[in-house]
Amino acid sequence: MKSESNPKKKGQKKFKCRNTNVILWRYFTFFAVGIIFVVAVVCYSVLGNSFMSQQIRRVKEIGGELTEVVDDDNIPELVKMSKINEYALYDSVTVFIISERGVILYPHMFAAPEKLGNLTEEVNSYMPEWDRGAVTEYTTGEGNGKTFNYVSCVKYDNLNAKLLVRYPISPLADSVRQTQLYVILISLGIIVAAFLISYSLAEKLSRPIRDLSQKVGKLAEGDFAVEFNSAEYTEVAKLSDTLNYMRDEIKKSDDFQKELLANVTHDLKTPLTMIKAYASMIQEISGDNPEKRNKHLGVIIDEADRLTGLVNDILITSKIRSGLGQLNKKVLNLTEFLYGIIAKFSYLQEAQGYNIMVDVDPNMYTLADEEKIGQVIYNLISNAVNYTGEDKTIYISLKYSAEDNRIKFAVRDTGKGIDEEEKKHIWERYYRSKDSHTRPVKGTGLGLNIVKIILDAHSFNFGVTSEEGKGSTFYVDFPAVSSIPDELEEKPE
Ligand code: ADP
């Protein structure tokens, strides 16, 4: 037994998979690290390039402005010098003016010209021409000695000269490098934070799913008390609701099976015991006495009928419960259909003296599942036959009511009736009045429950009215519909 209830033992597919939180965590981390990496790389390169290009632009501006000042014959020498000094002081540029003959015209007081080495040669190699107004730019040196140079041809002191504005890039590169280091450190910090945050986020997202799967496991082991109440986010809340619904349905079906087993065992036992007892009696006592033997055989036949009825009702109940979703509705000539069912009871009139009084309107059409409605009518007439009074009379009517466009079906008997308290229970499964067990009435307590399930599924109005001592009337209101035109054509009026 245990091995069947354990879901892990039999027929279970083994899936090779990782925990949700590990997968989520991994994805979150990859995503965060990816984004930060891209941002860091972009910052790193943009920062360096834009900072440098900004500085170089500034040097070019200075070069342009100084060219205009130095080249202007109307500006006094002193003003030109102070302008050059101003830029050298505030913008950290070094300015030289070199004549065509290689003489350094500025700065005048240059103390150690040998330190400049081949400055004239260098400038001339990058800019050989001496055309006034020509401009060129170049960089020299590597690493810390890297400089940006702006050269323009000017007229200075009536001499052809070149103005050189030189700016060291290396100190600039240092500060950029420092900033880039900060970018890397901050990025690393953010990556660690993303790692931790994504872990807790993944944990938070997967927790309710793990919780649900744990509870489903309990449910699979038969624990119907389990409550699915994870509601951290909408999808899980909906899943919880669905699982609660599923649990209730499984429980109902489980209860039904247990109840069925208990009732069936009980109801089968009694007739079987009787059959065995009377068969033994025939074998041992009444075998040679035709009168007694026939009486005992009668009991055996009755009990066998009871068994057949019980088995049939159980089969019908489970069939109806499993197939109620698919009502096979069609237009049905209720009048003809009812006559067909009443005909099945004609043997009662002939053999047992029953009176079946019928008052039926012709050609009443309704829309219903023929097979299931047949079961309803059959069960109601059977009950009337079983429970009617000494006069053995039952009244069956089928009448059209124009007021609500309904076809009113009713079965009346003359039995002892049903009291108000009993009326509440007769539609329940396996309900049988205490009296019915003492009377020789074949019954299972399933008949009216089958009626209720079928009529509820059709949404038809039905019920019972009863007067104690005078009998009961069970009724069903069928919706009236017009017949199918094709059918009418086939049947000449
Ligand atoms: P059963 O197989 O016992 O007839 P039903 O579900 O058909 O089972 O009926 C349930 C109970 O309702 C019966 O045991 C009986 O007490 C009561 N009942 C049903 N029909 C009638 C009736 N026509 N008159 C009186 N009591 C009835």
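This is a predicted model: local features need pLDDT of at least 70, side-chain atom pairs count only at pLDDT 80 or more; totals for chains, interfaces and linings use all residues.
Two strands pair if DSSP finds at least two bridges between them. The protein chain holds 13 helices and 12 strands. Of its 493 residues, 36% are buried. Among contacts with a separation of 6 or more, 65% join residues 24 or more positions apart.

- An open sheet is built from 5 strands in the order 7-9-10-12-11. The pairing in this sheet is mixed.
- Strand 7 (355-360) and strand 11 (461-467) stand at the edges. Each has a single partner strand, so one side of each lacks a neighbour in the sheet.
- On average, neighbouring strands of this sheet are turned by 15 degrees against each other, direction ignored.

**Strand pairs inside the sheet**

- Serine 401 stands opposite arginine 406 of strand 10.
- Strand 9 and strand 10 form a hairpin with 4 residues between the strands. In this hairpin, asparagine 405 takes a positive phi near 55 degrees.
- Strand 10 and strand 12 run antiparallel, joined by 7 bridges. Phenylalanine 409 has valine 476 of strand 12 as its bridge partner.

**Helix 8 against helix 10**

- These two helices pack at an angle of about 45 degrees, with their axes 10 Å apart. That angle makes helix 8 oblique to helix 10.
- The crossing of helix 8 past helix 10 is right-handed.
- On the helix 8 side, the contact is made by Phe337, Leu338, Ile341, Ile342 and Lys344. Helix 10 contributes Glu370, Ile373, Gly374, Ile377, Tyr378 and Ile381.

**Helix 10 against helix 12**

- The axes of helix 10 and helix 12 (residues 447-458) come within 9 Å. They cross at roughly 145 degrees.
- Helix 10 passes helix 12 in a left-handed crossing.
- From helix 10, the residues in contact are Lys372, Ile373, Gln375, Val376, Asn379, Leu380 and Asn383. They meet Gly447, Leu448, Ile450, Val451, Ile454, Leu455 and His458 of helix 12.

**Nonpolar cores**

- The largest nonpolar core has 50 residues. Those with the most contacts inside it are Leu338, Ile373, Leu380, Ile381, Ile396, Phe409 and Val476.
- Helix 10 (residues 370-387) supplies the largest share of this core, 7 residues.
- Phenylalanine 409 touches Leu338, Ile377, Leu380, Ile396, Ser397, Leu398, Phe474, Tyr475, Val476 and Phe478, not counting residues up to four places away in sequence.

- Glutamate 259 lies in helix 6 (residues 234-284). Its relative accessibility is 30%, so glutamate 259 counts as partly exposed.
- Glutamate 259 touches Arg429 and Tyr430, leaving aside residues up to four places away in sequence. Glutamate 259 and arginine 429 are 170 residues apart along the chain, yet their C-alpha atoms are separated by 9.7 Å.
- Threonine 242 also has its place in helix 6. Threonine 242 is partly exposed, with a relative accessible area of 48%.
- Threonine 242 and phenylalanine 228 are 14 residues apart in sequence. In space, 9.0 Å separates the two, C-alpha to C-alpha.

Conventions:
Residues are numbered from 1 along each chain as its sequence is written. Side-chain values use heavy atoms; hydrogens and water are left out. A nonpolar core is a set of buried Ala, Val, Leu, Ile, Met, Phe, Trp, Tyr and Cys residues joined through side-chain atoms within 4.5 Å. Buried means under 20% relative accessible area, exposed over 50%, partly exposed in between (1.4 Å probe, protein chains only). Contact means heavy atoms within 4.5 Å. Axes are lines fitted to C-alpha atoms, for helices over the stretch in contact, and angles run from 0 to 180 degrees between N-to-C directions. Angles under 35 degrees count as roughly parallel, over 145 as roughly antiparallel, 65 to 115 as roughly perpendicular and the rest as oblique. A crossing is left-handed if the near helix is turned anticlockwise from the far one by less than a right angle, and right-handed if clockwise.
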